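Q: I am new to reading protein structures. Can we go through one together, feature by feature?

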Protein chains: 2
Amino acid sequence: MSWQKNLRKTDPYTAGEQPKIQNLIKLNTNENPYGPGEKVKQAIKDFDSESLKLYPDPDASCLKHALALYHGLEDDQVFIGNGSDEVLALTFLTCFNGDQDLLFPDITYSFYPVYCKLYNINYQQIPLKEDFTINKEDYYRSNGGIIFPNPNAPTGAIMSLEDIEDILVHNKESIVVVDEAYIDFGGESCLPLLSQYDNLLIIRTFSKFRSLAGIRLGAAYGNKEIISYLYDIKNSFNSYPVDRLAQAIGYASVRDSDSIKKNALKIINTRERVSGQLKELGFSMPHSYSNFLFISHNTLSASYLFDELRKEGIVVRYFNSPRIDNYLRVTIGTDEQMNKFLNTIKDILARK
Amino acid sequence: MSWQKNLRKTDPYTAGEQPKIQNLIKLNTNENPYGPGEKVKQAIKDFDSESLKLYPDPDASCLKHALALYHGLEDDQVFIGNGSDEVLALTFLTCFNGDQDLLFPDITYSFYPVYCKLYNINYQQIPLKEDFTINKEDYYRSNGGIIFPNPNAPTGAIMSLEDIEDILVHNKESIVVVDEAYIDFGGESCLPLLSQYDNLLIIRTFSKFRSLAGIRLGAAYGNKEIISYLYDIKNSFNSYPVDRLAQAIGYASVRDSDSIKKNALKIINTRERVSGQLKELGFSMPHSYSNFLFISHNTLSASYLFDELRKEGIVVRYFNSPRIDNYLRVTIGTDEQMNKFLNTIKDILARK
């Protein structure tokens, strides 16, 4: 035996590839094809580099206040972290500490089981229906917590506010986390339910709608008690996970929300156009409320399409997992990128 | 019972105050009084805000390579995280997973016991000698890991490379972590020991020497196996803890190391001058190898001095803990700030 016995082994999450090759069309990690906007650009330009010698505000108070105003919440209902992945990790550690199993869908954000393994949280994966929607009644059972993305990833399918409310009503003994990473692409947020359900926690990211995947900002919205426990856990892990520049950039982004919404509308329009054309080419998919499509072809396998697209310099995401191994997740890029994608698909189909 | 039963309770770390009042002389969190330098300023100016729409390189490869070159290591001996606090947290979770107790000094960085509580790590705090130095023989016993800062915090006292090597030799069955947050202010790093001891892990921060407390960068250096386990745990927690701007800024800082060393020399000179004058005023202290002094007066109590300094707009750090509750930790600021500090101390002494 040696020092190796003291090491903790885990099974890490595999993020979508960040290729270092130039000129690829990158449709694999659901980034926003439009930039983060003029106010962010200006915030970086105006930033006083000298101030970096000082620690940041550990609570990111200005950004927190801006988000609270934006959503009509109190400041102490807002938690800010280093990307929604960190917010999720801290949420798993804080909120799913009971004896019973955590519940989440079998097809969902693949980081959830990784967090469970990291923190020794027991969980059950509840199968989605055949059409990839959640059957709410499956969550009417004793549990140690519930989490699901809405819209779901990687399917893009949405759950109605009424159904989410039913899950909340049937689970007053546990915390229900709704991961709204993709909510700003046409879905209906459950933020209005926060005032009625103190067991609801909502997670958001700056990576998709706000085009800030590169700066790492995420938030949680909930009742003051859950939020304060989240801060206690965060302050037991890292006092200052959000740096000075990220705070300034996040603040600028919130102030630029109107232009950002225009970009989201562009993405929605592109998505609707592309999904229509893909259907004509023999693809089926759940209706997407996100900035990606989850597509399956009626004759060509997803793994074949993935390889052929890659050869043409187009990177999409393929999950070799049960039930979804014949699907590709395709991020909605600019119209130009998606035209290239559609033409390439047509070429691949023509070759067969 | 309600959803509250599922919440995890903890006892968080309390960081030094980040006062929002202007014109205070802030000597309480060991920040560097000099800015991060021209290359960092230029890196921010040159940064393409548009690139923030894309996720960062999850491994911060460019920065990792620059650090490896700077220290004469291989790239895969370098781990990068969101400040050394995150690096430490992930190190506790990765490296101290054995059955036996972790060992660290009774007087040390007060985040260590917080990490232990967060991750349910059993630990023993080993008393420092009366002069606040580590008695190496106390660590020649069966354990699940060892960690100490060198120089130690909040004392500033150092341990020789020979003594650290003796601890490594006597602990081949466990991982020994040396937290070198303050090593660049005159101490001798144990980096040369890395090639001989595969159970050694060294932690560094960009917050002190590199004046980048505001950007959150930390690193760990060790053998490839420990480093790869650290990345696995990090990738089970947050794929991208270090954002694009932080990576660019860290890289610029490493390229600016010569100017940064000049600032460290200024701080060392100020420290030596101020410590001499404080001794003449009736203070005693361990010899400091860091950017702070740990001082105790022969007649006035530390808590009284803390309050009086605060009234005059000077903030230092006071720990109301056993053995050190008559000490103040005073960050070394600019010569001008330290002259104001010395004059205020003289005024307080004259009033008594």
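A: Start with strand pairing. Two strands pair if DSSP finds at least two bridges between them. Keep in mind that this is a predicted model.

Q: Which residue is the bridge partner of I202(A) in β8(A)?
A: The partner is Y221(A). I202(A) and Y221(A) show how two strands line up. Strand β7 (residues 200-205) of chain A pairs with β8(A) over five bridges, in the antiparallel sense.

Q: How many bridges join strand β2 of chain A to β8(A)?
A: Four bridges join them, and the two strands run antiparallel. Strand β2 covers residues 78-81 of chain A. Look for I80(A): it stands opposite A219(A) in β8(A).

Q: Which way do the residues of β8(A) point?
A: General idea: in a regular strand the side chains alternate between the two faces of the sheet. Now the case here. G218(A), A220(A) and G222(A) point one way. A219(A) and Y221(A) point the other way.

Q: Why is β8 of chain A said to be largely enclosed by the rest of the structure?
A: Use the cut-off: buried means under 20% relative accessible area. Five of the five residues of β8 (residues 218-222) are buried, so the strand is largely enclosed.

Q: Which residues of helix α2 of chain A are buried?
A: Helix α2 spans residues 61-71. Its buried residues are L63(A), K64(A), A66(A), L67(A), A68(A) and H71(A). Next, ask what covers them. The cover includes β2, β7, β8, α6 and α7 of chain A. Just after α2(A), G72(A) takes a positive phi of about 70°.

Q: On to charges. How many salt bridges does the rule count over all chains?
A: General idea: side chains of opposite charge can pair when their charged atoms come close. In this model the count over all chains is 31. One of them joins D256(B) and K39(B), with the closest N and O atoms 3.9 Å apart. D256(B) sits in the loop between α7 and α8 of chain B, and K39(B) in helix α1, so the pair ties together parts that are 217 residues apart in sequence. D256(B) is buried at 6% relative accessible area. K39(B) is partly exposed at 31%.

Q: What does R273(B) form a salt bridge with?
A: Its partner is D335(B), and the closest N and O atoms are 2.8 Å apart. R273(B) lies in helix α8 of chain B and D335(B) in helix α10, 62 residues apart. R273(B) has 31% relative accessibility and is partly exposed. D335(B) is partly exposed too, at 35%.

Q: Which residues does a network of salt bridges link in chain A?
A: The network links D106(A), E130(A) and R323(A).

Q: How many residues does the contact take from chain A and from chain B?
A: Chain A gives 87 residues and chain B gives 87 residues. Between them the chains bury about 7200 Å², 57% of it on carbon and sulfur atoms. In chain A, W3(A), Y55(A) and F237(A) lose the most area to chain B. Together these three make up 12% of what that side buries.

Q: How many salt bridges and polar contacts cross this interface?
A: Polar contact is found in 40 residue pairs. On the side of chain A that touches chain B, α3(A) supplies the largest share, seven residues. By class, that side has 40 nonpolar, 26 polar and 21 charged residues.

Notes:
Residues numbered from 1 in each chain as written. Chains lettered and ligands numbered in written order. Predicted model: local features only at pLDDT ≥ 70, side-chain atom pairs only at ≥ 80, totals over all residues. Heavy atoms only, no water. Contact = heavy atoms within 4.5 Å. Buried area = accessible area lost by both parts, 1.4 Å probe. Polar contact = N/O pair within 3.5 Å; in protein donor to acceptor, adjacent residues only side chain to side chain. Nonpolar A, V, L, I, M, F, W, Y, C, P; charged D, E, K, R; others polar. Buried < 20%, exposed > 50% of the residue type's maximum accessible area, 1.4 Å probe, protein only. Salt bridge = Lys/Arg side-chain N within 4 Å of Asp/Glu carboxyl O.
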